[in-house]
Each structure stands twice: as C-alpha cells, then as structure tokens.
Amino acid sequence: MTSIPHQKKIKSYRSTEYSQWVTEKVLDSLYANALGSAMGSFAVFLIVAGAVWSKISSPSLLYWSVAGVLIATARLTLWNGFKHKKDNYSCRFWLNSYRVMSLASGLLYGMAMWLFFGDLPVEYRLLIYFGVGGLTAASSGSHAVDFLTFQLFMFSSCLLVISKLLHFGEATDIALAAMFVLYILVMMKTGQNNNRTLLQNFKLTYTMHYRATHDPLLDLLNRTEFENRFEINTPLTHRGVAILFLDLDNFKPLNDTFGHQAGDRALKQVADILTESLRADDPVARIGGDEFVASLYLDDVKEVEKIGHKILQRISAISFPEQSTFSGLSASIGIAFHHDNDVEYSQLLHAADLACYQSKEKGKNQLTTVLAKDQVG
C-alpha cells in the first residue's frame with residue numbers, strides 16, 4: 001500500500017505542473033507585449049525629454065535622458081534575449097528581469113516629476129502628469145498578466161508624482177494629488193480584473209489541455225502525449241534511452257471477480273508506485289487497460305533494471321483487505337535500452353513490448369531486458 005493517497009499525490013503533482021505552465025504563459029504574454037510596450041514608453045520619454053530640453057538646461061536633465069536611453073536599450077535587449085535564448089535561462093530569471101525593467105521605467109518617469117516639474121510652465125507640467133497617467137493605464141493591460149509587474153510600474157511612478165505634488169503644498173497641487181490617489185485605486189481595480197480574467201483563461205486552457213493529454217482515471221500521460229514527450233526529450237539527451245513496458249498479471253480475474261471499483265483501486269496503487277519509483281522528469285503513461293510505459297534516460301542499463309525490480313516488488317506487495325481471497329497481483333516488465341538518442345519511438349516501444357511478453361512466458365512477475373542496439377537504428 002502506498003504511503004500517499006492517490007488523489008492527494010495527483011493533486012500536488014497537478015498543482016506543481018499547473019504553476020509551471022501558468023508561469024510560462026505569463027512570460028509568453030509579457031514578452032509578446034514587450035516590444036510594443038518598450039517602444040511606446042520610449043516614445044513618451046522622447047516627447048517629455050524634448051519638451052523639457054526646450055525649457056530648462058541642467059546636468060540632472062542630461063543624466064535623466066541618458067538613463068532613459070539605457071533603460072529602453074536594456075528592455076529591448078531583454079526582449080531580444082527572450083525571443084532567441086529563452087531556454088538558456090530559467091522562467092524565474094526572465095520574469096524577475098522583466099519586473100526589474102518595469103520598476104526602472106516607473107522610477108524614470110516618477111523622477112521626472114521631482115527633477116523638472118517645479119521649473120516648468122503649467123502646460124509642460126501637465127505633459128509629465130498625463131504622461132505618467134497614460135503609461136499607467138497602458139500597463140494595466142500590457143502588464144496585468146503579472147500583477148506584481150503592473151504594481152511595480154504604477155507605484156514607482158505614481159507615488160513619486162503624488163509625493164511631489166504634496167511637497168508643493170498648493171491647494172491645486174493637493175487636489176491633483178488626491179485625484180491621482182483616486183486614479184491609482186481605479187487602476188488597481190482595473191489591473192486586478194484584467195489579471196483575474198487572464199488567469200481564468202489560462203486555467204481553462206490548461207484544463208482542456210490536461211484532459212486531452214492525460215488518462216482520466218489515473219492522471220498519468222496518455223499514449224499520444226507520452227509519444228510526443230519522447231520525441232521532444234530524446235533528441236536533447238546525451239544519455240542512454242530506455243522504455244519500460246509494464247503489463248499487470250492476473251488483473252482480469254481481480255476485475256471480473258470483485259468488480260471495476262476494485263480494479264480501479266489497484267490501478268491507482270500501481271500508478272502511485274510507478275510515479276514514486278521514477279524520477280520526476282521521467283514520463284510515465286497508461287497506454288491500455290492494465291498496460292503502462294515509462295521512458296528513462298540513464299547511461300547504465302543496470303540502473304534501469306534496478307528500478308524495474310523495485311517496481312515489481314512493490315506491486316507484488318499490494319494487498320486487498322476487502323478481497324482477502326484474492327492474492328496474486330503482479331506485473332511483467334520488458335525493458336528496451338539503447339545507448340544513443342538516435343532511436344525511433346515506435347521501434348523501441350515494440351522491442352519493450354516483446355520483452356514484456358517474454359517476461360510473461362517465463363512465469364510472470366519477471367523482468368526482461370533487451371539491448372536494442374541491434375534491433376533499431
């Protein structure tokens with residue numbers, strides 16, 4: 001009997017997989033908008049910088065302008081890096097980098113308020129004021145998929161605007177500050193709604209994808225998805241490639257005698273044994289009623305056999321307290337191993353299937369290994 005209930009274990013697995021999937025979708029969405037966001041932000045920067053240059057001249061303006069060019073360059077470089085080298089770094093790196101750039105952009109526009117606002121005529125002050133407001137409104141759409149990114153830009157820019165208005169202390173400035181506070185509250189609500197809608201869409205898409213790629217009873221991969229992942233993962237590995245083919249022994253008598261519920265409970269226990277015995281990145285699938293397959297990437301076939309024998313022992317130890325008259329559930333395993341990654345899925349699977357059949361002929365609860373070097377390629 002496994003130590004972790006099947007549904008609890010699957011829920012934890014799905015939660016981890018879902019979180020990773022959402023993070024990837026968030027990144028794809030952020031960087032899909034990154035070029036337009038960066039160019040739009042830079043256009044506003046040029047407008048503000050051009051207007052300010054025509055009215056004042058100070059070293060701080062030069063430093064601010066250089067910072068604006070550097071931030072725009074960094075954002076474009078980050079976008080280009082994600083586009084061409086996405087797989088070279090982790091999702092966390094790309095997400096945090098984007099967040100840092102959003103914070104830097106927000107600080108750039110907020111600092112314009114402190115550096116130049118007091119020296120400008122009223123109409124030019126409004127240019128900065130509405131420039132910050134317009135970019136914040138735009139970010140509620142382009143950045144809301146990651147609510148923290150949106151918040152970093154909004155608060156870093158808007159709070160500097162509010163603090164400067166309050167610093168002036170004039171009645172009009174205080175009124176503008178109050179209006180900006182209300183604006184932030186509205187934008188927060190808008191950003192939250194956009195974020196909620198996008199994440200709900202991601203969840204729906206993920207659920208549909210999961211149902212299309214997983215066995216509905218056991219939540220293991222189905223046959224089609226297992227083959228897809230084999231075709232994707234195998235060319236990337238520099239290790240040996242093995243397919244482990246498992247067929248339960250005496251499952252039909254259990255199912256016929258005690259009903260499908262007893263059979264389903266047994267299948268869930270077998271699924272738990274497989275996922276617990278294999279590494280987290282070793283795909284495992286149910287491809288038939290009581291047939292399972294897994295792909296492993298190890299250099300030593302002895303390591304694969306060791307895992308296979310452990311699985312056999314654990315399946316043989318499964319007990320059925322409610323059906324005490326039944327004992328004898330076991331498994332036959334066939335392993336097909338190839339030393340290189342230039343192996344076709346169909347040929348390796350066929351070799352593992354034949355090896356499993358040989359295990360059954362030898363008396364069941366057996367493991368047979370085939371070195372597929374001479375059979376494939």
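Me: Is Asn 365 buried, partly exposed or exposed?
Reply: This is a predicted model, so the answer rests on computed values. Asn 365 sits in the loop between α11 and β5 (367-371). Its relative accessibility is 34%. Buried means under 20% and exposed means over 50%, so Asn 365 counts as partly exposed.

Me: What is the phi of Asn 365?
Reply: Asn 365 is not a glycine. Even so, its phi is positive. The value is about 50°.

Me: Which loop holds Asp 219, a residue with a positive phi of about 65°?
Reply: Asp 219 is not a glycine either, despite that positive phi. At 10% relative accessibility, Asp 219 counts as buried. Its place is the loop between α6 and α7.

Me: Where in the chain are the two partners of the salt bridge between Arg 286 and Asp 215?
Reply: The side chains meet at 3.2 Å, N to O. The two residues are 71 residues apart, so the pair links distant parts of the chain. Arg 286 is in strand β2 (residues 284-286), and Asp 215 is in the loop between α6 (171-213) and α7 (223-233).

Me: Are Arg 286 and Asp 215 buried or exposed?
Reply: Arg 286 and Asp 215 form a salt bridge. The cut-off for a buried residue is under 20% relative accessible area. Both partners are buried.

Me: How many salt bridges does a search of the whole structure find?
Reply: Side chains of opposite charge can pair when their charged atoms come close. The search of the whole structure gives ten.

Me: Why are Glu 225 and Arg 229 separated by about one helical turn?
Reply: Both residues belong to helix α7. Glu 225 is buried at 12% relative accessible area, while Arg 229 is partly exposed at 23%. The separation is about one helical turn because the two are four residues apart in the helix.

Me: Which residues join Asp 247 in one salt-bridge network?
Reply: Asp 247 forms a salt bridge with Lys 360, with the closest N and O atoms 3.8 Å apart. This pair also links distant parts of the chain: Asp 247 is in strand β1 (residues 241-249) and Lys 360 is in helix α11 (residues 345-361), 113 residues apart. Salt bridges that share partners join Asp 247 to Asp 249 and Lys 360.

Me: How is α7 set against α11: parallel, antiparallel, perpendicular or oblique?
Reply: The two helices pack at an angle of about 120°, with axes 11 Å apart. Roughly perpendicular covers 65 to 115 degrees, and roughly antiparallel starts over 145. An angle of about 120° falls between these ranges, so α7 is oblique to α11.

Me: Which element gives the largest share of the largest nonpolar core?
Reply: This core has 35 residues, and Leu 246, Leu 248 and Phe 292 are among those that touch the most other members. Elements giving two or more residues include β1, α8 (251-258), α9 (260-277) and β4 (330-338). The largest share, seven residues, comes from α9.

Me: How many residues are in the other core, which lies apart?
Reply: In soluble globular proteins, nonpolar side chains tend to be buried together. Trp 64, Phe 117, Val 161 and Leu 165 are among the members of this other core. Its total is 33 residues.

Me: Which helix holds Ser 157?
Reply: Ser 157 is buried, at 1% relative accessible area. It touches Gly 106, Gly 110, Val 132 and Thr 136, leaving out residues up to four places away in sequence. Its helix is α5 (residues 147-168).

Notes
Residues are numbered from 1 along each chain as its sequence is written. This is a predicted model: local features need pLDDT of at least 70, side-chain atom pairs count only at pLDDT 80 or more; totals for chains, interfaces and linings use all residues. Side-chain values use heavy atoms; hydrogens and water are left out. A salt bridge is a side-chain nitrogen of Lys or Arg within 4 Å of a carboxyl oxygen of Asp or Glu. Buried means under 20% relative accessible area, exposed over 50%, partly exposed in between (1.4 Å probe, protein chains only). Axes are lines fitted to C-alpha atoms, for helices over the stretch in contact, and angles run from 0 to 180 degrees between N-to-C directions. Angles under 35 degrees count as roughly parallel, over 145 as roughly antiparallel, 65 to 115 as roughly perpendicular and the rest as oblique. A nonpolar core is a set of buried Ala, Val, Leu, Ile, Met, Phe, Trp, Tyr and Cys residues joined through side-chain atoms within 4.5 Å. Contact means heavy atoms within 4.5 Å.
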